[in-house]
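Hi everyone, thanks for coming.

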Amino acid sequence: MSEFDTITDFTKYLNARADLIRSGKLSLSPSEAELVANYLLMMEPNGEHRFPLISDVKGADADADTAIAFVQGEYAYLVRSPEYQRRYTANRISYEWDRLIGLFTHGVLNDTQFRILDTDPTVELAERALRIMAREDRVQRRVLAEAIIGAREALEVQKMGRLARIAVTPDRSTGEKVAYVFLVLAGVDEMVQEDYRRVRATMLQTYCLAALHDDRDLKLCVGIAVMAISDKGDSEDLVSYPQQEWTPELLEDLRVARDSFEVLQKPLELKTTAIHASSFPPDPAFEGMSRQQRRALERQRAKQQRSARRSR
């Protein structure tokens, strides 16, 4: 569970494991650790992990009854590899997403949520957003956390009063289209705390409703608002809105809010964000190389790895 520490990653592994065992294509694995290692090391072009097959072995003469066996030491070898260390380093930022989930969950369970948008906080309102956040896998959490932290850092560098970013992704459970709005608003030191939170929450609501209005295929919009790095203190807001039934009154309210806060005044074309991150980030040594050069280096390293395995 230290390797699959999100519910999505864990259930994907368990399902793949069950499919492999029930298929009869696994003849032997010395331990669970070797199953984990082989699952992590096989990856589809879309970034999804899977277990290796006989067909993955170059030159293997396999028929329908051929099964695969894993050997002792694969996991120990994996965790000592530079690929694993790059994965570990890349995942560090993703735990900011876990921190936010824990922070908002603590507020729900202890009834310490801040009252925003003239609405009393309830478990039901927060749960809708928290469920979506909790379903994100580790690589996606890495990308989303980078978006939030990057927005806060960009606001400081550009000396802006606010900065918003929108990410559109598929729900990890249903495949439905979901949007995240990340809003950073400076100026808490210049306003009464309640006024600042009210303004920030209203802006966040406007961004979320604008996203839902401009893309009717969105099923849900989750909004997270945070303070600027340079402001004193710390506070976060979480809201979520399902796709709306756009009545004339609601459309007019949104138009006024967009004009008042200068929020996405032109219809926004929202596209699903393609996740280019990999569970195992590429080796920086390949940067700038041609495909032929990369393959030559990969072959050289693979040869060295095989030699290292034989010597163990």
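**Starting with the core**

The largest nonpolar core has 28 residues, and the members that touch the most others are Trp97, Leu130, Met133, Tyr180, Phe182, Ile224 and Leu238. Please keep in mind that what you see is a predicted model. Which elements supply this core? At least two residues each come from helix H5 (95-109), helix H6 (123-134), helix H7 (138-158), strand E3 (162-170), strand E4 (177-185) and strand E5 (220-227). H7 is the biggest giver, with 6 residues.

Leaving out residues up to four places away in sequence, leucine 130 touches Ile101, Phe104, Thr105, Val108 and Leu238. Apart from this core there is another one, of 25 residues, which includes Ala179, Tyr196, Leu212 and Met227. As a general reminder, nonpolar side chains in soluble globular proteins tend to be buried together.

**The sheet**

Now to the strands. Four of them make an open sheet with mixed pairing, and the order is E3-E4-E5-E6. Why do E3 and strand E6 (236-242) count as edges? Each has a single partner strand, so one side of each has no neighbour in the sheet. Ignoring direction, neighbouring strands here are turned by 15 degrees against each other on average.

There is a helix to look at here too. H5 packs on the sheet and touches E4, E5 and E6, and its direction makes about 85 degrees with that of E6.

Let's go through two of the pairings. In general, strands of a sheet pair through backbone hydrogen bonds, either parallel or antiparallel. E3 and E4 are antiparallel, over 9 bridges. To find your place on screen, arginine 162 has leucine 185 in E4 as its bridge partner, and proline 170 has lysine 177 in E4. E3 and E4 form a hairpin with 6 residues between them, and in that turn glycine 175 has a positive phi of about 80 degrees.

E4 and E5, by contrast, pair in the parallel sense, over 8 bridges. One spot to look at is tyrosine 180, whose bridge partner in E5 is valine 222.

Let's move to helix H1 (residues 7-23) and helix H2 (residues 32-41). They pack at an angle of about 105 degrees, and their axes are 11 Å apart. That makes H1 roughly perpendicular to H2. Which residues meet there? From H1 we have Lys12, Tyr13, Ala16, Arg17 and Leu20, and from H2 we have Glu32, Leu35, Val36 and Tyr39. Sorted by class, this contact has 6 nonpolar, no polar and 3 charged residues.

**A few single residues**

Next, alanine 69, found in strand E2 (residues 68-69). Alanine 69 has a relative accessible area of 43%, so it is partly exposed; the exposed class begins over 50%. Alanine 69 and serine 27 are 42 residues apart in sequence, yet 5.3 Å apart in space, C-alpha to C-alpha. Setting aside neighbours within four places in sequence, alanine 69 is in contact with Ser27 and Leu28.

Lysine 159 has a positive phi of about 50 degrees although it is not a glycine. Lysine 159 sits in the loop between H7 and E3, and at 74% relative accessibility it counts as exposed. Glutamate 262, also not a glycine, has a positive phi near 50 degrees. Its place is the loop between helix H9 (248-261) and helix H10 (291-311), and its relative accessibility of 57% means that it counts as exposed.

**Stepping back**

To finish, here is the whole chain. It has 10 helices and 6 strands. Of its 312 residues, 39% are buried. Among contacts with a separation of 6 or more, 68% are between residues 24 or more positions apart.

Technical notes
Residues are numbered from 1 along each chain as its sequence is written. This is a predicted model: local features need pLDDT of at least 70, side-chain atom pairs count only at pLDDT 80 or more; totals for chains, interfaces and linings use all residues. Side-chain values use heavy atoms; hydrogens and water are left out. A nonpolar core is a set of buried Ala, Val, Leu, Ile, Met, Phe, Trp, Tyr and Cys residues joined through side-chain atoms within 4.5 Å. Buried means under 20% relative accessible area, exposed over 50%, partly exposed in between (1.4 Å probe, protein chains only). Helices (H or I, at least four residues) and strands (E, at least two) are DSSP runs, numbered from the N terminus. Contact means heavy atoms within 4.5 Å. Two strands pair if DSSP finds at least two bridges between them. Axes are lines fitted to C-alpha atoms, for helices over the stretch in contact, and angles run from 0 to 180 degrees between N-to-C directions. Angles under 35 degrees count as roughly parallel, over 145 as roughly antiparallel, 65 to 115 as roughly perpendicular and the rest as oblique. Ala, Val, Leu, Ile, Met, Phe, Trp, Tyr, Cys and Pro count as nonpolar, Asp, Glu, Lys and Arg as charged, and the others, Gly among them, as polar.
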